[in-house]
Amino acid sequence: MTWHGKVLIADLSANTVRTEPLNQAWADEYLGGRGLATRYLTEMMNPKADALSPENVLIFATGPMTGTMASTSGRYCVVTKGPLTNAIACSNSGGKFGAELKYAGYDLLICTGKAVKPVYLLIEDGNAQLMPADDLWGTTVWHTEEFLKEKHKDPQIKVASIGVAGEQGVKYACVVNDLHRAAGRSGVGAVMGSKHLKAVAVRGTVGVPCANPERVMAVTKETHQLLKDSDGRRELTEFGTNAMIDSMHAFGGLPTNNFLKMTFEGSKNINPEAMKTPNENGHTNLITNKACFGCTIACGRIAHIDKQHWSVRNRENYHHASGGLEYETAYAFGPVVGVDDIDALTFAGYLMNEHGMDPISFGVTLAAAMELYELGILTNEHTDGVPLNFGNAEALTIMAEKTGKQEGFGKELGLGSKLLCEKYGRPELAMVVKGQEFAGYDSRALQGMGLGYATSNRGACHLKHDVFAEDMADQSGDGKAVPCKNSQDQIAMIDSTGLCLFTTSAWDTDAFQRQIAAACGDDWTREKLLESGERTWNLERLFNLHAGLTAADDTLPPRLLETPAPEGVAKGKVCELDKMLPEYYSLRGWTDTGIPTQETLSRLSLNEHAV
Amino acid sequence: MSDAHLDSEEGSLQITLSLGSGLLSKVDESYRDTSQTLAISEGITIDSVLNRLGLPSNMAVLVILNDALVQPSQFALQALTNGDRLSVMPPIHAG
């Protein structure tokens, strides 16, 4: 076992902390991380509760492999009810915070209630205390992390915190750890802010218990070698995830101008080649790549902005190196808003990390606002005098900052696409599922992606299924339900391990099984692992059904279902969700209204959670 | 975009070749440009172009010809013609 057997509970209303034993029976059913946290969440809160009320519960969960010697063992999850979707939120992050939490002697951190005044939680080797955060409230993520390291005179402290966006309830505020890694999606940072919890600062030297370290070391060596030899891993190391932007442009699946187009000629100005090519001032955007805790991939990018660029010319506090473009940030500040100024994109990324916001949701919300502007529904009077035309790089950075600081039109952008478009009478322009904005793949070109988006329990998401191979092989909806369902279950399992999803170019389910069996025991067979993933998926679904969501929420915007693709390999096609969804429900063992049948509940030992 | 390549396999036809950034380090040095014109001879197939670029034969790539996806099974069969637009890209996966 690699568990400490300890759960830290921070009761913010009572201003107390306590330690409870880990529910090992649940860990045996749900593995850890995403699955285990979902089980705790369903036990501890009413799914109907307002996401920003004290009744919501905010869980930071490690997996059994978090903090071990395994490759990519730095992952942790934040699980709660999300304000963007009013559904379950499960946001996964890397960096070093997750491993440090485990090193401090805790498997999970559960935050309940709401503090009377702003606080932060300090955790040091089995001890925890809530501390006043009045001085930190209203400050940025970057200031908070620096302040806490300085205050406690320990540069090794790992910090997860929120910015003003989280404090003031931006629907897609995130929790940022280690300055530029984030539990990014679904608004988990807004939940943290609603609890008046500014930060969690952790220092741990306890380590991770391990019953059979020799066996874990042996399987780590073997799986490390698999990663080392993998072409997919090499590509991530060398180019990062942004290598995808050329492919999606050529394929014709790159959402551009709020999904009005599917190719973006400007992609050549923001692709990995552009990142490493000096500009006319001799400035090169990319500095190096960076790894999270224990990672042997290092897909992260470290970049810096040209000091002569208009965005930072007189702002020296942005002249340092920080997180650079990855595919989703490049998409969300690039094609979907029509901008191809690499320094403006990089600056927007800095602002997201500094103020604690999800780049995907911000970018797609801005894209919706730009379409509203170009339609004449929004005017300069609404937008503080800033023309919100597609392609306006200044509008991108100005609005990123206004949203992060919750000033002017930034307050409206902080609502997210769904509420913004509803407010201005054009809900169909919101490119969302269940209120959450799409990642950088158009589901008219990638049909399996469309099914995955529509059925994702946390709203539109590209990371909860993997149907890419099937979508490349065939541009119809045929045969997409099976790989969608199976990959959702597999990824729910992977998210529960504490390992990274980006290992799957080298690791199949058996490779994960060998590592989990070495760490947690041989009863974790391949079948049990996949069943735990399926159980997690269904429990998330049941949480959402109890919260009031229905099959009607498993859908896509009319633009994707009714407007034929204007270009690319799928020209003329719409997403065939109507064909895929009934097959998917049947495969899942759900009724035709998307409710798990009694037989499915019994098979997965979920009877007590029946709707 | 670079000028048309002139080499021993030069032909009278020209195609436009787009290469993904992620492939530039994998192709022969003379082809390291994301957009270029390639001189080809009559009847040349996609397989032959990939070989000419120096890409490893077992490397998975995404190939799009004139906005149509070409499956790997067709690489050896699909002949190119004058004016074709050929894109050779890294495979697509989660990013």
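Which residues of strand 4 of chain A are buried on one side, and which on the other? Tyr76(A), Val78(A) and Thr80(A) are buried on one side, and Cys77(A), Val79(A) and Lys81(A) on the other, leaving both faces covered.

## Before we start

What you're looking at is a predicted model, where local features need pLDDT of at least 70 and side-chain atom pairs count only at pLDDT 80 or more, while totals for chains, interfaces and linings use all residues. Residues are numbered from 1 along each chain as its sequence is written, and chains are lettered from A and ligands numbered from 1 in the order in which they are written.

Helices (H or I, at least four residues) and strands (E, at least two) are DSSP runs, numbered from the N terminus. "Buried" here takes 20 or more other C-beta atoms within 10 Å of a residue's own, "exposed" takes 12 or fewer, and "partly exposed" is in between, with C-beta atoms placed from the backbone.

## Strand 4 of chain A and its partners

Back to that strand. Strand 4 of chain A covers residues 76–81, and six of its six residues are buried. Strands count as paired if DSSP finds at least two bridges between them. Strand 3 (residues 58–62) of chain A runs antiparallel to strand 4 of chain A, joined by four bridges, and Ala61(A) sits opposite Cys77(A).

Strand 5 (residues 88–93) of chain A also pairs with strand 4 of chain A, in the antiparallel sense over six bridges. Here Thr80(A) has Ala89(A) as its bridge partner. Strands 4 and 5 of chain A make a hairpin with six residues between them, and Asn86(A) in the turn has a positive phi of about 55 degrees.

## Two open sheets in chain A

One open sheet has six strands in the order 8-7-12-9-10-11 (chain A), with mixed pairing. Strand 8 (127–132) and strand 11 (181–183) of chain A each have a single partner strand, so one side of each is left without a neighbour in the sheet. On average, neighbouring strands of this sheet are turned by 20 degrees against each other, direction ignored.

Inside that sheet, strand 9 (residues 158–161) and strand 10 (residues 175–177) of chain A run antiparallel and share two bridges, with Val176(A) the bridge partner of Ser161(A). Helix 4 (residues 141–151) of chain A lies across strand 9, strand 10 and strand 12 (197–203) of chain A, at about 145 degrees to strand 9 of chain A. For angles like this, axes are lines fitted to C-alpha atoms, for helices over the stretch in contact, and the angles run from 0 to 180 degrees between N-to-C directions.

Another open sheet has three strands, ordered 13-14-15 (chain A), with antiparallel pairing. Strand 13 (286–290) and strand 15 (322–323) of chain A are at the edges with a single partner strand each, so one side of each has no neighbour in the sheet. Strand 13 of chain A is joined to strand 14 (residues 300–303) of chain A by four bridges, and Asn289(A) stands opposite Arg301(A).

## Helices of chain A

Helix 12 of chain A (residues 342–355) is largely enclosed by the rest of the structure, because 14 of its 14 residues are buried. Next comes Gly356(A), with a positive phi near 80 degrees.

Helix 20 (residues 509–520) and helix 21 (residues 526–547) of chain A pack at about 100 degrees, with axes 9 Å apart. Helices 20 and 21 of chain A are therefore roughly perpendicular, a label used for 65 to 115 degrees, with under 35 roughly parallel, over 145 roughly antiparallel and the rest oblique. Among the residues that meet are Phe512(A) and Ile516(A) in helix 20 of chain A, and Leu529(A) and Leu530(A) in helix 21 of chain A.

Chain B has one helix and six strands, in the pattern β-β-β-α-β-β-β along the sequence. Of its 95 residues, 32% are buried.

The contact between the chains takes 31 residues from chain A and 22 from chain B, where contact means C-beta atoms, placed from the backbone, within 7 Å. On the chain B side, strand 4 (62–65), strand 5 (68–70) and strand 6 (85–89) of chain B each supply at least two residues.

Conventions: Two residues are in contact if their C-beta atoms, placed from the backbone, lie within 7 Å.
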